[in-house]
Amino acid sequence: MLSNLNQPLRTLPGIGLKREKLLESVGIATVSDLLLYLPYRYVDRSTEVGIAHLPLDQEVTVVGEIVAMETIPGKRRRFVMTVEDDTGKMSGTWFGGYQYFRGAYEAGDLVALGGKLSRFGGKLQMTHPEVEVLASEGDEEQRLHTGRIIPLYHTTAKMKSERMTARSLRRLLFAALDTVGEEIVDPLPDDIRERCGVANLREAIEKVHFPDAFADVDAARHRLAFDEIFYIQLYLGQMQKKREKTPGRVLTPNGKLAKQLVASLPFELTGAQKRSVEEIGNDLTRSVAMHRLLQGDVGSGKTLVALLAMLASVDTGCQAALMAPTEILAEQHANTIRNLVEPLGLDVRLLTGRTRAAARREILTGLLSGTVSILVGTHALVQENVLFADLGLVVVDEQHRFGVEQRATLREKGADSHLLVMTATPIPRSLALTLYGDLDVTLLDELPPGREPVKTGWRLAADRAKAFQFLRSEVAQGRQVYIVYPLVEESGKSELKAATETFEDLSTGLLSDLRLGLLHGRMKGDEKEAVMDAFRRGEVDVLVATTVIEVGVDVPNATVMMVEHAERFGLSQLHQLRGRVGRGQHASYCILIADPQEHLSGEAKERLDAMAQTTDGFEISEVDLKIRGPGQIFGTRQAGFPEFRFADLARDVDVVVLAREEAQALLNQDPTLASCALLRQELDAIAWGDLQVVEAG
Ligand code: ADP
Ligand code: MG
């Protein structure tokens with residue numbers, strides 16, 4: 001934003017080398033940086049309430065003149081600042097940190113103190129209030145600091161020690177707007193601005209610093225948020241346009257294999273599965289490479305949709321590859337797929353890091369000669385010497401676990417092959433439109449029939465015994481159970497140790513009469529596989545596991561997911577874990593055990609409550625977005641999710657949708673933005689390299 005105002009700060013009145021350095025220390029290097037250094041709060045001095053009339057015990061801002069400052073000695077030395085206005089007096093008290101106060105304030109300064117007012121010994125006081133100097137005696141531009149809504153800016157201790165206060169920033173900004181305000185030109189075409197109901201840019205920047213009313217601030221911030229979102233959507237739109245030029249292999253399946261497979265299934269495809277298969281099928285027959293995301297909640301049956309797409313490739317005489325993030329998952333996919341399509345006479349192979357050399361050679365030969373139709377594996381598929389005769393389709397499961405390059409590399413092993421990425425991490429629409437904004441999206445929004453929602457409750461650890469009783473009753477009915485342990489970093493114990501110890505405790509104690517299995521990340525691949533296989537075959541009743549179990553594991557007979565220290569898990573992780581049960585015809589349960597030792601934080605409770613209230617992954621993700629904000633949401637950080645300064649995707653959902661529509665309409669009309677030179681310039685000035693949306697070669 002404001003890329004035409006990138007001149008050094010020095011060019012502004014009132015800024016010399018020293019101040020320039022100081023401002024640089026908080027990331028303000030140019031005039032545009034300064035203009036975009038927004039107030040963190042405002043004090044409304046236009047309708048000020050006098051000290052004597054302010055309410056007690058709630059957050060208030062006191063504005064008054066400093067009449068006295070003193071350090072009171074004693075065991076608890078303290079610094080007291082007394083402030084007065086026309087109606088009365090109050091004092092702010094700080095214990096410790098006097099050095100900082102010395103010299104930072106002067107009697108006669110007009111200050112704002114923020115905090116809770118209380119009455120102590122008949123006197124009004126605040127402890128450790130926030131303090132900002134609004135004006136000093138003799139300030140010429142009094143009108144900047146009084147009688148209006150006054151902006152407060154964050155200042156660091158270093159800035160304060162050099163007498164760069166909120167007040168000086170206010171003056172600098174006023175001078176800056178006075179000098180370069182005219183040069184703020186709005187890059188947004190008028191018609192878009194009007195349709196979207198956003199303020200003019202110059203007005204927004206001026207008003208965000210010096211508003212006449214609080215509504216001005218809202219309008220200004222809305223405009224800045226809009227820009228941030230709009231530029232990303234323009235960028236994504238351009239990428240999508242570019243991608244539409246990527247040639248794609250025209251696949252011409254006659255549907256024979258798919259029909260055979262569907263006929264052999266013991267169930268019907270869900271409506272959503274049928275729709276998804278059709279959507280993907282259409283893409284595969286076009287001469288443009290498919291880049292599609294299949295998004296579906298846990299248990300919605302994505303594997304089958306992917307398999308039907310792979311069969312379309314095989315039907316045409318090409319091959320297909322499926323990459324999964326863990327060995328457990330790759331093995332499971334290979335087993336599922338083998339069971340389903342070996343009757344059709346297809347050769348399905350599994351390739352992981354621990355495939356033995358001889359087997360590996362055989363697989364590679366089969367791939368090259370074309371006898372292997374479907375290759376399933378981990379990131380081992382990306383290795384250089386894995387070469388296909390003719391790869392038509394690449395499927396990536398749990399795509400957020402892979403980097404952009406890995407996906408692209410695998411796709412490049414085919415000539416113009418298609419790409420289908422899958423995710424079971426539901427994310428809110430505003431995030432999806434941003435993170436996956438350049439992909440086509442298919443939503444698998446229906447669970448197979450007969451699935452009851454997983455009954456979920458959270459209990460304190462004191463009730464664990466009851467939970468075990470329940471777990472036993474399920475096992476007695478022939479069902480199976482997971483018990484999952486998180487990382488236990490604080491206590492110095494490893495996740496592994498916690499799971500291992502519990503496994504031993506349980507198998508010699510409480511659950512000694514049941515068949516227990518242990519699964520954790522440090523076990524060797526074949527040990528893991530052996531345990532998983534035993535669990536799958538029903539030879540293990542209770543699987544004690546670390547979070548290696550989290551992704552994708554599918555054992556329909558398992559009906560209880562018990563999570564220990566559930567308060568330490570994030571929402572999407574809990575949702576993933578819960579997704580391991582409720583995958584068959586039996587009623588299923590998720591028991592979240594919260595540790596009483598831990599002082600349960602408000603956020604942890606919110607998470608656990610959300611889990612108990614809904615099983616809908618999208619609802620969960622909305623809650624998650626509200627609690628944590630977009631930058632923290634699972635997966636988004638690895639994907640290089642952009643940091644927003646002004647926008648808030650949890651709040652600005654409608655803005656995202658609107659900005660996307662406008663960006664696409666504009667690009668359809670003017671793909672190179674030739675008619676909007678300023679917009680083009682802004683877009684080019686942004687370092688898009690940091691934004692790694694789901695993009696594939
Ligand atoms: P996810 O979307 O979480 O990857 P899976 O593909 O693992 O889900 O499918 C979950 C379970 O549902 C599997 O056991 C699968 O066989 C079963 N399934 C898939 N589609 C259907 C359907 N249409 N009807 C009944 N069960 C289905
Ligand atoms: Mg899956």
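Reader: Why is the link between D227 and R223 called a salt bridge?
Author: The closest N and O atoms of D227 and R223 are 2.7 Å apart. A salt bridge is a side-chain nitrogen of Lys or Arg within 4 Å of a carboxyl oxygen of Asp or Glu, so the term applies to D227 and R223. This is a predicted model, in which local features need pLDDT of at least 70 and side-chain atom pairs count only at pLDDT 80 or more, while totals for chains, interfaces and linings use all residues. Side-chain values use heavy atoms, with hydrogens and water left out; residues are numbered from 1 along each chain as its sequence is written, and chains are lettered from A and ligands numbered from 1 in the order in which they are written.

Reader: How do you know how far apart D227 and R223 are along helix 9?
Author: They are four residues apart in helix 9, which means a separation of about one helical turn. Helices (H or I, at least four residues) and strands (E, at least two) are DSSP runs, numbered from the N terminus.

Reader: What makes D227 count as buried?
Author: Buried means under 20% relative accessible area, exposed over 50%, and partly exposed in between (1.4 Å probe, protein chains only). D227 has 1% relative accessibility and therefore counts as buried. R223, at 0%, is buried as well.

Reader: What else does R223 form a salt bridge with?
Author: D186, again with the closest N and O atoms 2.7 Å apart. The pair links distant parts of the chain: D186 lies in the loop between helix 6 (166–180) and helix 7 (190–196), R223 in helix 9 (residues 214–243), 37 residues apart. D186 is buried, as is R223. D186, D190, R193, R223 and D227 are linked in a network of salt bridges. The structure holds 34 salt bridges.

Reader: Why are E539 and R537 placed in the accessibility classes they have?
Author: E539 is at 40% relative accessibility, so it counts as partly exposed. R537 has a relative accessible area of 55% and is therefore exposed. These two also form a salt bridge, with the closest N and O atoms 3.0 Å apart.

Reader: What makes strand 11 mostly covered?
Author: Five of the five residues of strand 11 (residues 319–323) are buried. In a regular strand the side chains alternate between the two faces of the sheet. Here Q319, A321 and M323 on one side and A320 and L322 on the other are all buried.

Reader: How do you know which strands pair with strand 11?
Author: Two strands pair if DSSP finds at least two bridges between them. Strand 14 (residues 391–396) has five bridges to strand 11, in the parallel sense. Strand 13 (residues 374–377) has four, also parallel. Both counts meet the rule, so both strands pair with strand 11. A321 has V394 as its bridge partner in strand 14 and L375 in strand 13.
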